[in-house]
Amino acid sequence: MTVIGLTGGIASGKSTVSAYLKEKGIPVFDADGAAWEVEKAGSPCLRELTDAFGEGILTPEGELDRKEMARRAFHDPGVLQQLNAIVHRAVEQKRDGFLAAHRQDPVVILDAPLLLECGWEKVTDTVWLVYLPEEEQIRRAMIRSGMTREEVTDRIRKQMSLEEKKKKAQVVLDNQGSLEALYRQVDRELARILP
């Protein structure tokens, strides 16, 4: 089994590549989706978060109040660190379960925006980065999300830069061209791995 770590930044096209790989029948672990899942009402992870931060992080329905949690985390680096430690541990357990369930598959994908920040490259055979120059990344993110330039730039600054990720990736998928050009790059890289 070849484990591909797929990463990128906001609006770089990582989700587009992930969806394309899924269409090809390749199992994909979605780290962001898993994070939402582990934080569901009644989950051990949400209990741990409530123990750490109090009932004030819950909605009246007992769900995680994401806005409140984000507000606290972005104003206190200690809170952010503790939040990440709890959620990352739960997501890593899901990731390990996924890898165990798919060990017979020739290729699997770990789709994680924070792959390198979390040290997940250690459980991959290769890291693929979906790359865009920062100006284009900002432009696409503003169009896609309606965020201001300042909001997008702030998000980008909170993650490892794509330039830094580029140095750590074995494969760089350049997403400055057409969708077809991006897919051709993916197909070329897959052909090197698949028998």
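Predicted model: local features only at pLDDT ≥ 70, side-chain atom pairs only at ≥ 80, totals over all residues.
Residues are numbered from 1 along each chain as its sequence is written, and side-chain values use heavy atoms, with hydrogens and water left out.

**Exercise 1.** Find how many helices and strands the protein has, and in what pattern they come.

*Solution.* Start with the rule: helices (H or I, at least four residues) and strands (E, at least two) are DSSP runs, numbered from the N terminus. Counting them gives nine helices and five strands. Now walk along the sequence, and you get β-α-β-α-α-α-α-β-β-α-α-α-β-α.

**Exercise 2.** Work out why the radius of gyration agrees with a compact globule.

*Solution.* The radius is taken over C-alpha atoms, and the globule rule is 2.2 Å times the number of residues to the power 0.38. For 195 residues, the rule puts a compact globule near 16 Å; the protein has 18 Å, so the two agree. For the box around the C-alpha atoms, go along the principal axes: roughly 50 × 40 × 25 Å.

**Exercise 3.** Say what share of the residues is buried.

*Solution.* Buried means under 20% relative accessible area (1.4 Å probe, protein chains only). Of the 195 residues, 42% pass that test.

**Exercise 4.** Describe the domains and their contact.

*Solution.* Bounds come from an automatic or database domain assignment. Domain 1 is 1-27 + 106-194, and domain 2 is 31-104. The contact (heavy atoms within 4.5 Å) takes 14 residues from domain 1 and twelve from domain 2. Over C-alpha atoms, the domain centres are 23 Å apart.

Methods:
Buried < 20%, exposed > 50% of the residue type's maximum accessible area, 1.4 Å probe, protein only.
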